[in-house]
Amino acid sequence: MQTAAMDPAEEPPSMLWGLDPVFSAFARLYIRDILEMTESTQVPGIYFYNLHPISKVDVLGTVVYKREREDFFCYGVDDGTGVINCLCWKSDVLKEEREPSKSGAQLCAAAQGGFDPVAELQKLRRAQRTRCRLEIGELLRVRGPVKTSRQQREIKASTYYKVSDSVMAVQISWMMEAPQLYRQCYDKAPQLEPDAAGDSAVSSLSRATKILKDFLKQKSVSRFRPYDVQDLLQPLISSPPQAASADQEPVAGPSACQQLRQLLKEALQILQDEGAVYRKVKSQDEVYLVTVQDKDLLVAVKDVIREDSRREKYVEKGCHVLHILSAVRQRYSLNVSRAALELVLKTLECNSDIISTSDSHYTAI
């Protein structure tokens, strides 16, 4: 393949790469995207996916071809989107095919049924050889840096092993996690250089959100209205600039009161998005309920799980979180979000009222 180089004008400066958490992690990219990544013009061996600097990857796939040399294996790995060459160096155990000979004392101990360290060592070596020597059709997981050799993209494995997956549980879990990683991380462009105004606004908003969270937690507030907490954010609002002289016109802009209301509105929206608060009934009287302090909501969720987990359909695995959410919205409030429900489920599980049977299923104790 012809390696594409990134336009220097589009490539972020190398000194900022460390601000992107993807740079120091093993990126779980599809092989198709690994093959299509563009290489950095600043540092060879660094590649970019959607402006994220990538140096090392984590791949799970089926072996479709293999070559063996004295010092390494060369596996072709296919994850369904493409095939990439993986260079896997042999360990000293794989190079030493000859089994160690036993001494007379060790043979005597083995005959008497005692512990034989040489025999146990041989078992460990055989197990390691089995995990590292794969055949076509077997499942391989590879971690390592991406390299380009002879115009071909490949992975130089730092870790590799055969995955035993008779019921395909590992592959299914992998296929479910990958799209989430793409949505939450890889497909979002990194914010490495926020502008000063935007940075200030984000800082004020994050401080406002923290102030509200701390107040609700310290005071054990169960419900409140916006004007109850509005004054807490007053110190975050800067006073409007004064005119330098009587002849100078004041700078037009939102008043301090307008800024305060807007900041409070955005902070409350963040709390709602996180599920920390919600409005049971949306009306002109804005009443916010604190999710983990709402005893009625806790009881409603617990009742749904206790009643429905007895049904034949949910006896084995328990109730799925989406089923619980639908039932709570029907029986309690249409405005309960999934984020709020997950906080409630976590609280109930900490109180030993329910248990999770899987990542998304719950049943009553």
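Helix α9 comprises the 14 residues 295-308, which at 1.5 Å a residue should span 20 Å; its end C-alpha atoms lie 20 Å apart, in agreement. The expected span is 1.5 Å times one less than the number of residues. Helices (H or I, at least four residues) and strands (E, at least two) are DSSP runs, numbered from the N terminus. The model is predicted: local features need pLDDT of at least 70, side-chain atom pairs count only at pLDDT 80 or more, and totals for chains, interfaces and linings use all residues. Residues are numbered from 1 along each chain as its sequence is written, and side-chain values use heavy atoms, without hydrogens and water.

The buried residues of α9 are L297, L298, A300, V301, V304, I305 and D308. They cover an arc of only 165° around the axis, so they lie on the same side of α9. The arc is taken from the directions from the helix axis to the C-beta atoms. On the other side, K295 and D296 are exposed. Buried means under 20% relative accessible area, exposed over 50%, and partly exposed in between (1.4 Å probe, protein chains only).

The buried residues of α9 pack against several elements, including α10 (321-331), α11 (338-350) and β14 (354-356). Contact here means heavy atoms within 4.5 Å. At the start of α9, a side-chain oxygen of D294 comes to within 3.3 Å of the backbone nitrogen of D296.

Strand β4 (residues 56-68) pairs with β7 (residues 139-149) in the antiparallel sense over 7 bridges. Pairing requires at least two DSSP bridges between two strands. V59 stands opposite V142 in β7. β4 is also joined to β5 (residues 72-78), antiparallel, by 6 bridges.

Definitions and conventions: A polar contact is a pair of N or O atoms within 3.5 Å; within protein, one must be able to donate a hydrogen and the other to accept it, and residues adjacent in sequence count only if both atoms are side-chain atoms.
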